[in-house]
Amino acid sequence: SIYPIVRKLIGVEFFDGLARAYCEAHPSTSGDLNELGAYLADFVQSFPPARSLPYLSDVARLEWLAHQAHYAADHAPLDLSTLASISDDDYPRLALILHPAVATLASPYPLFRIWEVHQDDYRGKIAVDLGSGAEHVVVYRAEYRVTVAKIACGEAAFLRAIKHNEALGAALEQAIAEDAGFDLAASLRCWVTAHVVVGLTVRN
């Protein structure tokens, strides 16, 4: 149930064999079955029968992040009134706080497209061009529903830096290094609305 797209991509019989091999290599050490598939992506990457599907491990990583987002702790939305008390000089030292469900993932394959066309409610063309290039995605939970969205490389670099506890100034530098056209104001409006960014503090 954690990896429905992996199952669709390789078929039921192949998936059953993969699951058996995985459980032999990584037997459960927890009473919580939600933790059982934590290492599947790395296992798939070294699983000989899956060598012809090099994108499969990234799909598994994305599905695991979505699974984790579903069970992540909740957090109140950001109170925008707190920005009024912050001086312009303090902005570079701002530390943004991401919702516990937020994660990013980069892949050399069109990962979001693969995710998109395998959703149960998808009604468009199923075709995926594996040579169409790399994609960055963000996983978050807004209004109790896990969402996966495609983001630009600058946005990915910014969120990754914030996730690693970088201050706003340093995170912005990393984003602009990846994408000179990165629009911080527009991105922040989007992420606050989506409850991706849920808090902020000023570092000493």
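Reader: Which residue in the turn of the E3 and E4 hairpin has a positive phi?
Author: Glu-143 does, with a phi of about 55°, and two residues lie between the strands of this hairpin. Strands (E, at least two residues) and helices (H or I, at least four) are DSSP runs, numbered from the N terminus. This is a predicted model, in which local features need pLDDT of at least 70, side-chain atom pairs count only at pLDDT 80 or more, and totals for chains, interfaces and linings use all residues. Residues are numbered from 1 along each chain as its sequence is written, and side-chain values use heavy atoms, with hydrogens and water left out.

Reader: How many bridges link E3 and E4?
Author: Seven, in the antiparallel sense; two strands pair if DSSP finds at least two bridges between them. Tyr-140 stands opposite Thr-147 of E4.

Reader: And what joins E2 to E3?
Author: Five bridges do, and these strands also run antiparallel. Ser-107 has Glu-135 in E3 as its bridge partner.

Reader: Why is E3 described as largely enclosed?
Author: Because six of its eight residues, in the run 135-142, are buried, meaning under 20% relative accessible area with a 1.4 Å probe, protein chains only.

Reader: Turning to H6, which residues are buried there?
Author: Gly-154, Glu-155, Ala-156, Ala-157, Phe-158, Leu-159, Ala-161 and Ile-162. That is eight of the eleven residues in 153-163, so H6 is largely enclosed by the rest of the structure.

Reader: What covers them?
Author: The cover includes strands E1 (94-98), E2, E3 and E4, together with helices H7 (168-178) and H8 (184-193).

Notes. Buried < 20%, exposed > 50% of the residue type's maximum accessible area, 1.4 Å probe, protein only. Contact = heavy atoms within 4.5 Å.
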